[in-house]
Amino acid sequence: EGIGTLDATAIDGLHDLLIRIGDLTAAEIETRSAMAETQREIDRLERARRIVSLPIAGERRFVAVEDVARFRDGLGTPLPPGLPESLLEPVRDPAGDLALRFARSHGPFNARMFAERYGLGVAVAESLLTRMAEADRLIEGEFRPGGTDHEWVDADVLRRLRSRSLARLRQQVEP
């Protein structure tokens, strides 16, 4: 967690955060926010219909309004009434998009972690993640030391993690 997150410092940054990372609870937004009154800004974005609150895996999460069709089509999430028709067009691979976005904002993860985030069965999540790996959209393997689970990771995230690890090792061996 925390990979590729942004510190939301303004209302537009908060909206951009949701576009980049995807769904977040109010507490998750608060953690990533540098704004003084984050909840007030969440409320402003919601009133302006730039974000919506959706029920996902048993909790309320905020989503950029541009992504609502992805959650409806990928997870069967009911949408609030009154959204513009242009935002409700079907999405080609909504579940795959959700998996890729999750991967971009997390370090190596297993199917259970992804399944719990979206209220999916572990077998369904594993099948989806395997499909993404077979399409070269995710990397599959065992990435954490001592790991026994099958894991997935985004290639850019893996590159950043390797780079950070190498930098840390170089610091340790400097004279």
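Predicted model: local features only at pLDDT ≥ 70, side-chain atom pairs only at ≥ 80, totals over all residues.

Modeller: Residues are numbered from 1 along each chain as its sequence is written, and side-chain values use heavy atoms, with hydrogens and water left out.

Biologist: How do β1 and β2 run, and how many bridges join them?

Modeller: Strands here are DSSP runs of E with at least two residues, helices are runs of H or I with at least four, and both are numbered from the N terminus. Two strands pair if DSSP finds at least two bridges between them. Ser-53 has Phe-62 as its bridge partner in β2, and Ile-56 has Glu-59. The strands β1 and β2 run antiparallel, and the bridges joining them number 6.

Biologist: Which residue in the hairpin of β1 and β2 takes a positive phi?

Modeller: The hairpin has 2 residues between the strands. The positive phi, near 50 degrees, belongs to Ala-57.

Biologist: Why is β1 largely enclosed by the rest of the structure?

Modeller: Buried means under 20% relative accessible area, exposed over 50%, and partly exposed in between, with a 1.4 Å probe and protein chains only. β1 is largely enclosed because its buried residues number 5 of the 6.

Biologist: What do the buried residues of α4 pack against?

Modeller: In helix α4 (residues 68-75), the buried ones are Val-68, Ala-69, Arg-70 and Phe-71. Contact means heavy atoms within 4.5 Å. Those buried residues pack against β1 (51-56), β2 (59-64), α5 (94-104) and α6 (111-118).

Biologist: At what angle do the axes of α5 and α7 cross?

Modeller: Axes are lines fitted to C-alpha atoms, for helices over the stretch in contact, and angles run from 0 to 180 degrees between N-to-C directions. The axes of α5 and α7 (residues 122-134) come within 10 Å and cross at roughly 80 degrees.

Biologist: Is Glu-151 buried or exposed?

Modeller: Glu-151 is found in strand β4 (residues 151-153). Beyond its neighbours within four places in sequence, Glu-151 is in contact with residues including Pro-108, Phe-109 and Arg-144. Because its relative accessibility is 2%, Glu-151 counts as buried.
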